[in-house]
Amino acid sequence: MIVEPRPEHLVWLDGKFVRWADATMHLSAHHYGFGVFEGVRSYVGERGAAIFRLADHTRRLFRSARMLKLRIPDAFDADCLNRAQLELLRRNQLGDAYLRPFVFLDGFLGLRPSSRDLSVRVAVLAVAWQSSDTGQGSRAARGLTLKTSSFLRHPPNTLLSKAKANGNYLGGMLALEEAQSSGADDAVLLDQNGFVTETTGANLFLVKEGALFTPPVSSVLDGVTRDTVFTLAKAAGLAVSECPLTRDELYVADEAFITGTAAEVSAIAEVDGRPIGTAAVGPITRRLQTMYAAHVRGRGEGHPEWLTIV
Ligand code: PMP
C-alpha cells in the first residue's frame, strides 16, 4: 500500500530535486496517454535498503520509450535515472518504497508525438510502501478472487503491447473497474483468440501436477517478477512452460498465482466463482512466495546482482 507523501517530500523532475507540493504542471500539459513508465520497489534487508532489479526495470523503461519513438534526452541516460532513484530514497529517508520513473510529453494538444510543440519530460516519484496485512483473513492469506473480463487484452498490433506505456493501461483500468464492481479483487484478461493473458497489473501462472505454466510473452508484459519466478522455480527444481492457456485450464489448476512488482507472488483463490485447488495458498505458491520474500530482502541464495544498495 502506497503512503501519500508530505508537501516537503522530494521528487526528481528533469534532473532536479523538487518538493512534492511544487511538482505541478500547466493545465495544457499533454493528455493523450503517450508516455512510458516503470513500477519499482525497494526493500529494507540485511544490508539496509536496496532496490530490487533496478537495472532490469530501467532497461525496460528505455525499451518502452524506443518502441514509442519517445526520445529521452541524452542527459537522462540509464545511469542517471538509476542514480536519481537511489538519491530520492536517500533524500526522502525511505526504506520499503515504491518508485515510479516515467517519461511523458508536455505541451499543448499536438497529436503527433514528435511534434516540435511537445517536449519530453522525465520524472521519478518515490513513496513509502506499507506492507498490507498478511494476518489470517487478509487478502494475502486467503488468496485473490478474479473474474474474466469482458474487455480483451489489446493484441500486439493494436498498441505496442510490450511497451509499458500509459495508454496501454486504459484497458486494464476498465477491466479492474468491471471486476471490482462485481465484487472480485481483479480481472483476468483474455486475448482475441480467447487465451488467458494476465491480470490488470500482473502476470499469471498456474500449477499442474507440480509444474508451472504461464502464457508466452507474445500476449503479456514481460514482467520482471515473472522472470524472477522463472529463476526461483528452476532453483526449486520446478519445470516452467510458456504456452497458451485456456480459461478452463485455469479453472482446474491445482494452484494459480500472479506475479508483479506490486503484487509480488500472490495466490489466486477463485476465478469466476470457481475455487482454484483448495482455494487456499497452495504449497508451490507458498514456496515461491517465501523464496521471493527472502530475495527482495537480500536473504535469498545467490543473485546479489538483483539488489542495488541505496
Ligand atoms: N502485466 C502488467 C499489465 C503489468 O502492469 C505488470 C506490472 N508492471 C506486470 C504484468 C508485472 O510486471 P513486473 O513483474 O515487471 O512488475
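Reader: Is Glu264 buried, partly exposed or exposed, and what is its relative accessible area?

Author: A residue is called buried under 20% relative accessible area, exposed over 50% and partly exposed in between, with a 1.4 Å probe and protein chains only. Glu264 has a relative accessible area of 24% and is therefore partly exposed. Before going further, note that this is a predicted model, in which local features need pLDDT of at least 70 and side-chain atom pairs count only at pLDDT 80 or more, whereas totals for chains, interfaces and linings use all residues. Residues are numbered from 1 along each chain as its sequence is written, and side-chain values rest on heavy atoms, with hydrogens and water left out.

Reader: Which residue forms a salt bridge with Glu264, and how far apart are the closest N and O atoms?

Author: A salt bridge is a side-chain nitrogen of Lys or Arg within 4 Å of a carboxyl oxygen of Asp or Glu. Here the partner of Glu264 is Arg41, and the closest N and O atoms are 3.5 Å apart. The pair connects distant parts of the chain, since Arg41 belongs to strand E4 and Glu264 to strand E15 (residues 264-271), 223 residues apart; helices (H or I, at least four residues) and strands (E, at least two) are DSSP runs numbered from the N terminus. Arg41 has a relative accessible area of 4% and is therefore buried, while Glu264, at 24%, is partly exposed.

Reader: How many salt bridges does a search of the whole structure find, and which side chain meets that of Asp14 in one of them?

Author: The search of the whole structure gives 20 salt bridges. Among them, the side chain of Asp14 meets that of Arg121 at 2.6 Å, N to O. Asp14 sits in the loop between strand E1 (10-13) and strand E2 (16-19) and Arg121 in strand E7 (residues 119-128), so that this pair ties together parts 107 residues apart in sequence. Asp14 is partly exposed at 22% relative accessibility, whereas Arg121, with a relative accessible area of 19%, is buried.

Reader: Turning to the domains, what are their bounds, and how many residues does the contact take from each?

Author: The bounds come from an automatic or database domain assignment, which gives domain 1 (10-128) and domain 2 (139-296) in the protein chain. Their centres, taken over C-alpha atoms, are separated by 26 Å. The contact, meaning heavy atoms within 4.5 Å, takes 19 residues from domain 1 and 20 residues from domain 2.

Reader: How much area do domain 1 and domain 2 bury between them?

Author: The size of an interface is often given as the accessible area lost when the parts come together. Buried area is the accessible area (1.4 Å probe) that two parts lose on being put together, summed over both. Domain 1 and domain 2 bury about 1,700 Å² between them, with 59% of it on carbon and sulfur atoms. On the side of domain 1, the residues that lose the most area to domain 2 are Phe37, Phe52 and Arg60, together 34% of what that side buries.

Reader: How many salt bridges does the rule find across the interface of domain 1 and domain 2, and which elements each supply at least two residues of the side of domain 1?

Author: The rule finds three salt bridges across the interface of domain 1 and domain 2. Strand E3 (35-37), strand E4 (40-45) and helix H1 (54-67) each supply at least two residues of the side of domain 1 that touches domain 2. H1 gives the most to that side, with six residues. By class, the side of domain 1 that touches domain 2 has eight nonpolar, five polar and six charged residues, where Ala, Val, Leu, Ile, Met, Phe, Trp, Tyr, Cys and Pro count as nonpolar, Asp, Glu, Lys and Arg as charged, and the others, Gly among them, as polar.
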